[in-house]
Amino acid sequence: MSDSQHQEENVKDDTVTLDFALEELVFSSGTRIPIEENETIFIVGPNNSGKSATLKEVESQLRSHSAAKTVLQEIKYRFNSDLNETTKYVKEKCSKILNQNKQLVYQIGNAGLAESNIRQVYNQRGTGLGHLTGLVCKYLNTESRLTDSNPATRIDFKKSPMSHPIHFLEKFPDKEDEICNLFEKAFSQPIYIDRNAGNVTPITIGSVYEKSYKEKRFDTKIMERIGELPRLEEQGDGMRSFVSILLSTKINQRKLVLIDEPEAFLHPVQIRLLGDSLTNRDKEAFQTLISTHSGDLLRSAISKNDRQIKIIRLERQGTINIPKVLHKDDISNLWNDPLLRYSNILDGIFHSTTIICESDSDCRFYSAILEEICSAKDISPDVLFTHCGGKHRIKTAVAALKRLGVKTKAICDIDLLCEENTSRELLEVAGGDWNHVKGDWSALNGATKVDGTRIMKDKALSEIEALIRNEESKYITKRTERRIIETIKAKSVWKQLKKGGLDSGILKGDVYKSTLNIINKFKDVDIYIVPEGEAESFVKSESDHGPEWVGKVLSNYNLAGPELLKARDFIETVCSDFL
C-alpha cells in the first residue's frame, strides 16, 4: 500500500473539533493580559517568580473554578461547543478502557468518563470543565515528558480512534517524517515508527541505512530492521522529553498546550532547535503557554519576525505576582538590535538583578568581589553580570532590560563623563534628568578640556631607565615597549583621572564638588561610576590591563584582604539593596 493510501484512510477522523480558547489571564496584581488565538506565550522571570505555578493554575482553574488562586486571580476562556458536539468529540477521539470498577469509560487524559456522565459533566462546566479539561488542555511537566513518548497501544484503525500521537505517526507518514527530521537535526540520528511490534507501537532510534526509506517504509525487510533497533523509551531523558514535546505540538490534539521548562535535559543546540519548532506553526491552530529559564530557547523562538509570540515576565513582590508584557512588535525591535541578538544580555530577564559592565574583564572582577562579600554574609542573591563591549553601548542594554521590567544597574569607568552625549543619554535612559547635572558637567568639562600636559624630560628619562633596568629579558619585550611609549605620551586629564581616581588630587575645590554631585545623581538611577577611575585602579601594583590584570588579581590576592577593601566597599554600594 502506498503512503498516500495510508494517509487517505483516516483523514476524516481529524474533522471533529471543539470551540475552546484561553482568552485572558488575571494575575494576583490585578493585571489583565489577553491571550490571542494560536499564540505562543513565553512566561519568564527570576526563580520563584511564579512561572511554573502559572501553568499549574491555568490547568487546575480550567478543571475547577474553586482551585487555588495564588499566582492567578482568574482565568477566562470560552467553551462554545454544545453537548452534541462535545459527545461526538469524546466518542471519535477518546479510546474506551475499563476503569477500576470494570466499567467501560472513555479515557480523557488520566481520567475515565462514562458516556452516561458526559451530559452531567457538560452541564456543570459553569464551575469548571472537570473531566472535559483533558479534551482541550495538555499539561507537559518535566515528569510526564519522560513517559508521553512511550509505546502506544496498538489499535484497529477501522474500529478505534487515534487516541495517541504515535497513532498519527503510524498512519500518516508525512508526520512521521517531520518528527524524524527534527529529531535527527537535534541528535544526529533518525527515529522510526515500529509498525510490526505486536500489541504496541513503539518509536525506535538508530538507522536502517536505507536512503529510500520513505518509499520502502512498508517493505517487510525494512520493518524487520526497524524492529531490531533500540527503543526510544530505553534512551536518555533528553531524547524522550524532546520527542514528547514534538508529539504534543506537531501532532496536536488539544487547543491549549502547557509546557513547563522544555529546555530540561537538553543541550544548547537541541534547545535552540526546539525553540524554533515550538513557534514554527503551519496549519496547527492551538495556543501554547511555555515557562522557561533558557536564553537559548527564547532567542531561538523570537528570531523570526513572522511568529505570533508574546513574552510575559513575572516579578514577585511579597505575595503579589507582577507581569510585564512584551508584544510581537516589542520583540521584533529587541531582536533587531545586534547587542541583544549576539550577547547574553537578554538572559537578564531570568534574574532578579542585572549588572552591566563595560567589558568582560570588568564582569569577572566585580562578580568575584560580590561573590566574596556574599560568601562572608552567607547569602546567594540572584544576580547576572553581563557586558556590552564599551561605554557607548551601555545605554542600549539598560533601555532594553528596563523595557523588560528587569532591575538593571550599570558600572562605568569615570571617563564616561568625558562625553556629554554619552553621559546624558545613559542618565536619561536610566530615568534621570540631565538638567540636574548640566551645570556641574559644564564645570567639569571646563576643567578637563585640555588635551594633554607637557612631560618633564628628566622625569621621563628616569622612568624609562628604570623600566629597562627592571627588564628580565636580554631584549626589550613588547610589554616594556608599551610601557615606555606610555611614559612619553602626553596624558590627558581624563587618562590621569582613570588611573588615579576621584581622590587623586587632579580635581580640586568646586570642580571636585561638581564631579561628586554628578556621580551621586547617576547613582540615584543605578548607574555607578567607579570612584577609583576604573577597575584596574583598585589594585595599582599590577600594571597589566583587562583580562591579564584580572587573572593576576584573582590568582595572587586575597579578595577579603585589605588590598581590595575599596573594591568591596564599592560593590557593597552598588548592591546595597540586596546585601
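I began with the largest cavity, for which I noted a volume of about 50 Å³, and I kept in mind that the model is a predicted one. The search over the whole structure, I recorded, returns four cavities of 30 Å³ or more. Which residues line the largest cavity? I listed Ile302, Lys304, Asn305, Arg307 and Ile309, together with Lys328, Ile331 and Ser332. Sorting this lining by class, I wrote down three nonpolar, two polar and three charged residues. I then checked which helix gives the most to the lining and found that it is H13, residues 328-335, with three residues.

**H15 and H24.** I turned next to helix H15 (residues 360-377) and helix H24 (residues 565-574), whose axes come within 9 Å and cross at roughly 85 degrees. On the H15 side I noted Phe365, Tyr366, Ile369, Leu370, Ile373 and Lys377, which meet Ala567, Arg568, Phe570, Ile571 and Glu572 of H24. By class I put this contact down as eight nonpolar and three charged residues, with no polar ones.

**H16 and H17.** For helix H16 (residues 394-403) and helix H17 (residues 420-429) I found axes that come within 9 Å and cross at roughly 10 degrees. Since angles under 35 degrees count as roughly parallel, I described H16 as roughly parallel to H17. The contact, as I listed it, is made by Ile394, Lys395, Val398, Ala399 and Lys402 of H16 and by Glu425, Leu426 and Val429 of H17. I classed the residues of this contact as five nonpolar, three charged and no polar.

Conventions. Residues numbered from 1 in each chain as written. Predicted model: local features only at pLDDT ≥ 70, side-chain atom pairs only at ≥ 80, totals over all residues. Heavy atoms only, no water. Axes fitted to C-alpha atoms, helices over the stretch in contact; angles between N-to-C directions. Helix = DSSP H or I, 4+ residues; strand = E, 2+ residues; numbered from the N terminus. Parallel < 35°, antiparallel > 145°, perpendicular 65-115°, else oblique. Contact = heavy atoms within 4.5 Å. Nonpolar A, V, L, I, M, F, W, Y, C, P; charged D, E, K, R; others polar. 1 Å grid on protein atoms, 1.4 Å probe; cavity = no way out; pocket = protein on both sides within 12 Å on 5 of 7 lines; lining within 4 Å. Points joined across faces, edges and corners; volume = space filled by probe spheres on them.
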